[in-house]
Amino acid sequence: MTDTPAPADPPDSAAPPAAAPFGAAPAGPSAALSDAATTRARSAADDDAAVVAILTAAGAGTRLGAGGPKALVEVGGRSLLRRAAQGLMDSGVVDHLVVTAPGEHVEHFAAELAGLAGAGPGIRVVAGSSASRQASVALGLRAALEDCPRAGVVLVHDAARALTPPEVVRRVVAAVRAGHDAVVPALAVTDTVKEIAPAGPAGSGVEIVVGTPDRSRLRAVQTPQGFAVAALVRAHELGAARGAHEALAASDDAGLVEAAGGRVVVVEGDPLALKVTTPLDLALAELLAPAPAPLSPKPAETTRETGGNRTSCG
C-alpha cells in the first residue's frame, strides 16, 4: 500500500463528508482533536480516566449480500450492531459509546440500540463516511472526544465482530492502562501463508509464490483495538489524507499508529471474535451466538446527532 494520496472525489451531497485532518479547523462546532488531545489532563494510565469506544457500523454488507446495512443483519435473533454494542457494555470498562452509521440510517441505528442491558452514560449515533472505514473512525473519534473531552483510552471495534467476549475488551483496556499506546487482540495463525505475485496476464488466475513467512511470527488481528487517546489522534492527523479513498485507507487503526512511528503490542484474542463478512461467516456465527440478552428495564440513553441532544461523560 502506498502512502501517496489520490485526489479527492467530488463531494456527494447525499453522503456524509470524509473527516478533515484533525489539526485543521473543523467545519462544524467540533473542536480540533489535536487541541483536545494536548489539553487533556488525564492519561491512559489514570484509572479514573474515561474509556470511550467507537463502534464502526457504516458498512454496506455487499459481500454478505445483506441488501442493507450489514450491522442490522441478525444473528440468533439480535442484530450484529446490538450484539457488538452489548459486548462492549458487558465488559464493565466502557464509559461511553459512539456508533458510526450510514448517514441515512442514523435514526434507525439509534432505535436499534435502545434498551441495552447494563448501559450507563449513554450511546451516541453519528453518520459515518462513505469514503472509507478510516474516515468513519475519524468522525467517531471526534464525536467521542466532544462527549468525553477528558477520556484517556479509546477503543475501536467493528460491529462485524459481534460475538467478541467482554474478556477481550477488558484485556485490551488493561494493556493500554499499563502504559502501551496501541494494543490489538490477535490469534496465532494456523494456516501456512504464502506471499504471491502475478505469474501471467491479468485475469489468468495464476500467481507465483515468492515467499513463505514464518507463521510462528504471524498473528491474525481482531478488534476492539485500544489506544491512548493522544496516540490515536496523532495517527489520524498524520494519515488523514489516506482516508479519502478506500484503496489508500488503513485497514485498521493500529496500522495508522504503525505508520506514524508508534509501537503496537498484542494481547490474546478469542476465536469468537470472528469477523462476519461472508454468508459462511454468518452461518458460523449463528451456530456460536448465545441466546439474546433480555431488554433492560432501564433503557440506555441513546442519542442521534442532530446538533443539540448529545450525551456527555465529562
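Colleague: Which residues in helix 2 are buried?
Modeller: Helices (H or I, at least four residues) and strands (E, at least two) are DSSP runs, numbered from the N terminus. Buried means under 20% relative accessible area, exposed means over 50%, and partly exposed is in between (1.4 Å probe, protein chains only). On that scale, the buried ones in helix 2 are Leu80, Leu81, Arg82, Arg83, Ala84, Ala85, Gln86, Gly87, Leu88 and Met89.

Colleague: Okay, and from what number are the residues counted?
Modeller: This is a predicted model: local features need pLDDT of at least 70, side-chain atom pairs count only at pLDDT 80 or more, and totals for chains, interfaces and linings use all residues. Side-chain values use heavy atoms, leaving out hydrogens and water, and residues are counted along each chain, as its sequence is written, from 1.

Colleague: What percentage of the residues in the protein are buried?
Modeller: The protein has 8 helices and 13 strands. Helix 2 is mostly covered, with 10 of its 11 residues buried. Over the 314 residues in the protein, the buried share is 48%.

Colleague: At what angle do helix 2 and helix 5 pack?
Modeller: Axes are lines fitted to C-alpha atoms, for helices over the stretch in contact, and angles run from 0 to 180 degrees between N-to-C directions. Helix 2 spans residues 80-90 and helix 5 spans 166-177. Their axes are 8 Å apart, and the angle is about 55 degrees.

Colleague: Why does helix 2 count as oblique to helix 5, and which way is the crossing handed?
Modeller: Under 35 degrees is roughly parallel, over 145 roughly antiparallel, 65 to 115 roughly perpendicular and the rest oblique. The angle of about 55 degrees makes helix 2 oblique to helix 5. A crossing is left-handed if the near helix is turned anticlockwise from the far one by less than a right angle, and right-handed if clockwise. Helix 2 passes helix 5 in a crossing that is right-handed.

Colleague: Which residues of helix 5 does helix 2 meet?
Modeller: Contact means heavy atoms within 4.5 Å. From helix 2 come Gly87, Leu88 and Asp90, and they meet Pro166, Val169 and Arg170.

Colleague: How far is a polar side-chain atom of serine 129 from the backbone nitrogen of alanine 131?
Modeller: Serine 129 is in the loop between strand 5 (123-127) and helix 4 (133-147). At 8% relative accessibility, serine 129 counts as buried. From a polar atom of its side chain to the backbone nitrogen of alanine 131, the distance is 3.0 Å.

Colleague: Moving on to helix 4 and helix 6, which way is their crossing handed?
Modeller: Helix 4 and helix 6 (residues 229-238) pack at about 135 degrees, with axes 11 Å apart. That makes helix 4 oblique to helix 6. Their crossing is left-handed.

Colleague: Which residue does a cis peptide bond join to threonine 223?
Modeller: Omega for this bond is about 10 degrees.

Technical notes
Polar contact = N/O pair within 3.5 Å; in protein donor to acceptor, adjacent residues only side chain to side chain.
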